[in-house]
Amino acid sequence: HKLTAHSNARRRSCTRPVALPARMQNPSLARTSGATVDTEAAFGQVGIMRKGGVIMDYNDSPAVVAPVAWVHGNPGPFGLLCFGMTTCTAMFVITGWVPSSFSQVVVGYAAMFGGFGQLIAGVLELIKGNTFAGTAFSSYGCFWMGYAYYRTLELQGIVKSSSVQARAGDALYHGLWGFLTLAFFVVTLRKNGGLQTIFSTLVITFWLLAASSYSPQAKMAAGYFGVFCGGSAIYTAIAMLYQDELGISIPGVRPTHYI
């Protein structure tokens with residue numbers, strides 16, 4: 001009985017996370033370095049081997065292998081830049097800083113940078129396991145792609161402006177996005193001040209855009225709040241980039257815990 005107990009304890013102690021050599025975790029590293037990966041030899045370096053397609057240790061106990069990370073960089077700054085730069089560009093038209101003909105530039109920018117680029121950032125965040133960032137980036141990326149598609153149809157004369165034909169629907173549409181953004185804002189209370197500024201001003205921007213269907217003054221105010229929101233996103237992206245790459249901490253990215 002003592003011998004059996006000792007054997008079982010030894011088996012349990014061998015079922016532990018195993019750190020594989022870098023070339024074993026990512027065989028492509030060997031290809032780029034011109035080396036050849038010997039699978040059994042690599043496993044032998046850490047005291048494990050394959051048996052029937054299953055990684056085992058030398059005591060025939062299953063070995064727990066650490067998962068391989070698919071995304072190594074931080075997609076956050078890229079996603080925030082996609083959002084911030086596109087938002088500012090669109091608001092330049094609403095504030096009247098540029099002529100309405102500039103809308104054609106906004107459409108292309110919204111489709112590729114604000115839409116497709118932000119959607120990529122969202123997918124990468126979801127792969128990393130960042131549910132909030134992935135959900136937010138993907139949502140606003142799809143928002144900008146939808147905006148670009150509709151504006152393209154509008155500029156080509158295929159459809160008429162919703163602000164003229166369906167003011168109530170346009171108001172409800174922007175109002176709904178305002179409520180969604182408010183839900184996102186609650187999550188940022190456990191993130192940082194930069195994100196809190198972005199989402200709080202975005203809520204106001206959406207609701208002012210909803211009111212702009214009936215009030216030119218609300219539309220102008222939405223433009224200015226939108227510029228501030230987009231600028232806040234650009235600032236936060238640069239702050240995160242400096243922190244990750246240079247180790248420089250600037251105001252706005254310190255973690256908070258308000259709820």
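## The largest pocket

With eight residues, α7 gives the most to the lining of the largest pocket, where helices (H or I, at least four residues) and strands (E, at least two) are DSSP runs numbered from the N terminus. This is a predicted model, in which local features need pLDDT of at least 70 and side-chain atom pairs count only at pLDDT 80 or more, while totals for chains, interfaces and linings use all residues. Residues are numbered from 1 along each chain as its sequence is written, and side-chain values use heavy atoms, with hydrogens and water left out.

The space in the largest pocket comes to about 890 Å³, a volume being the space filled by probe spheres set on grid points that are joined across faces, edges and corners. Its lining has 31 residues, of which Ile94, Tyr147, Arg151, His174 and Leu209 are the closest to the centre. At least two lining residues each come from α5, α7, α8 (162–165), α9 (167–188), α10 (193–211) and α11 (216–246). A pocket here is an open set of points on a 1 Å grid over the protein atoms alone, where a 1.4 Å probe fits, with protein on both sides within 12 Å along at least five of seven lines; lining residues have an atom within 4 Å of a point.

Beyond its neighbours within four places in sequence, Thr95 is in contact (heavy atoms within 4.5 Å) with Met220, Gly223, Tyr224 and Val227.

A kink of about 40° in α6 is centred on Ala110, the bend at a residue being the angle between axes fitted to the seven residues ending there and the seven starting there. Ala110 is also one of the buried residues of α6, which include Val106, Gln118 and Glu125, and these buried residues pack against α5 and α7 (131–155). After α6 comes Gly129, with a positive phi near 95°.

## Cysteines and the whole chain

The count of disulfides, taken as pairs of cysteine sulfur atoms within 2.5 Å, comes to zero. Cys82 is buried, with a relative accessible area of 0%, whereas Cys142 is partly exposed at 43%.

The chain has eleven helices and four strands, and buried residues make up 37% of its 259 residues.

Key: Buried < 20%, exposed > 50% of the residue type's maximum accessible area, 1.4 Å probe, protein only.
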